[in-house]
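This report describes the overall fold of a protein chain and then the surroundings of selected side chains.

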Amino acid sequence: MTDLTRANAWSEGGTFDNADLLWYARGVAKMMTRELNDPASWWFFAAIHGEYVNPATAWYPSPPAYPAWGFVSGEPAVPTSPLPSQLTQDKFWNQCQHGTWYFLPWHRGYLFALEAQLRVDIVSLGGPESWALPYWNYFGGVQGAQAAMPPAFSEKTLPDGTPNALYVTMRFGPDDNGTIYIPTPDWVAHHPDTPKHQYSDVTDICLQEDLYTGSNAATPLPGFGGPDTGFSHPGDTPHGNLESNPHDLVHVYVGGNVSSPDYGVMADPGTAALDPIFYLHHCNIDRMWAGWNDAGNVNPDNPEWLSGPAQQFVMPMPGSEPWVYTPEEVQSISSLNYVYQEATVPQKAAGNPLVKRLQTLNAFSVTDGLAQVHNIMPQPRAAELLGANFGPLEISKAGSASVDVTLHPVVQKSMLKSLQFASVNALPDQLYLKLENVRGTQDATVLRVYVDLPPQADQDTRRSQFVGSVGLFGLRRASVKDGAHVGAGLTFILDISRFVDTLFIENRLSAETIRVNVETASGAAQPSPIEVGRVSIYRQPI
């Protein structure tokens, strides 16, 4: 079989001059004509990822309101009936994997199945048998221009005047005004008129990592691909570094918010796959994984990853029996007979991160043996709780909150000793900040996190103390309590080693607490409370 090529959606300016996008719109429109209970319908495929259709399920909002599918605005109307049998729902629906090392292989199979159905419909309409899903590389283009959504998705009609199935009403963007772009470093650098997103928090830094699961000097916890878990639909365990950034942030920024509890469909796993831009976003995530592998990085060889969880991955396929697959069967794109037009990962940043830390701590100079440090393969040991706050932290009306993380004096002493005597032969601790058990119902939120941010800080200080952003994609689902889940909420891990190093050098680590600030990216009040169960800091000796 000839390889199918997934090409850049921004070819031909991202307009309908790009035949891939034109045929995509026509294929989606045909799938939308089918009923909800038809496995070949657009709606059924969206429900495979996640749905808010059946009031009998734990996910359905009570009292009925958005994000229930019956409250999604736009044309065509999103159906809520006829429902397939409960057996079919249990087999196919609400299957997306998040907060797990299965995130990447499950979504690769999902893309492959949707693409197969679209191709059948496109060929029936007179389209090419070689059609494949395009990808939206928001890191591409001159001066970051491709961070903007391809224009074809904002057109209400196709060139022939018929409705454009790629157009979605509930897609609000990072500024909540319907303009869709992703605040990547290149975009922000060349668009100074977007002050709310001057942090350029959506990056591809994860491609610099070299470990799928776990941590080392180059790869922070929980690893590029995600933590070792079983079947994980709510995603209540920490998301892998690729999933956390860019995946989650892109979902939330595209979805966006409005001045009511209604947010964009892309911001919630139970509505995201209703938006056709979803699949182009996930093609880019899949492309990044393929490029990461091409750069010489390896997937897990653990039999539990290769064979998948006890609950099998299964997809409907056109004209045949459902496809049951394992991560091992989809870990190489060549085995699925497709290639990406371009999947080269950026050249690794200059400088070993461990060398940089040792230099910051005055434990290493450029005259020392660089080869000695570059050849170090540190083995992280068990993490130890350095400190935590007391009681939950609520982010609601003010759009921001701060907390003092109280440090355990004995563990603090060990951490300080690690930094004070850091050397090539005695590596400094890695330090991690955790936002644990984040609960709420407003998925369309990005939280920015700072360490030791002083009151009334100016923008330069804010940038210097900025740890990172987290997108609350999946917040509602992870907060729901039902028979299978405890409503633990989302948990995020941020590597703060370099910030703690600076505090140490400036002699600001001897205090009993470390201040942590959390705020929404927009700085706006939230329509419903977001609660952080605990803010904690861990030291991990290496």
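Of the contacts in the chain with a separation of 6 or more, 73% join residues 24 or more positions apart, a contact being heavy atoms within 4.5 Å. The model is predicted: local features need pLDDT of at least 70, side-chain atom pairs count only at pLDDT 80 or more, and totals for chains, interfaces and linings use all residues. Residues are numbered from 1 along each chain as its sequence is written, and side-chain values use heavy atoms, with hydrogens and water left out.

The chain has 15 helices and 13 strands, taken as DSSP runs (H or I, at least four residues, for helices; E, at least two, for strands) and numbered from the N terminus. Its C-alpha trace spans about 70 × 50 × 50 Å along the principal axes. Buried residues form 59% of the 542 residues; buried means under 20% relative accessible area, exposed over 50%, and partly exposed in between (1.4 Å probe, protein chains only).

N216 sits in the loop between α5 (185-189) and α6 (241-255). Its side chain makes a polar contact with the side chain of D210 at 2.9 Å; such a contact is a pair of N or O atoms within 3.5 Å, where within protein one must be able to donate a hydrogen and the other to accept it, and residues adjacent in sequence count only if both atoms are side-chain atoms.

No disulfides are found, the criterion being a pair of cysteine sulfur atoms within 2.5 Å. C96 is in no disulfide, and the nearest cysteine sulfur, that of C283, is 17 Å away.

| Residue | Relative accessible area |
|---|---|
| N216 | 13% |
| C96 | 0% |
| C206 | 3% |
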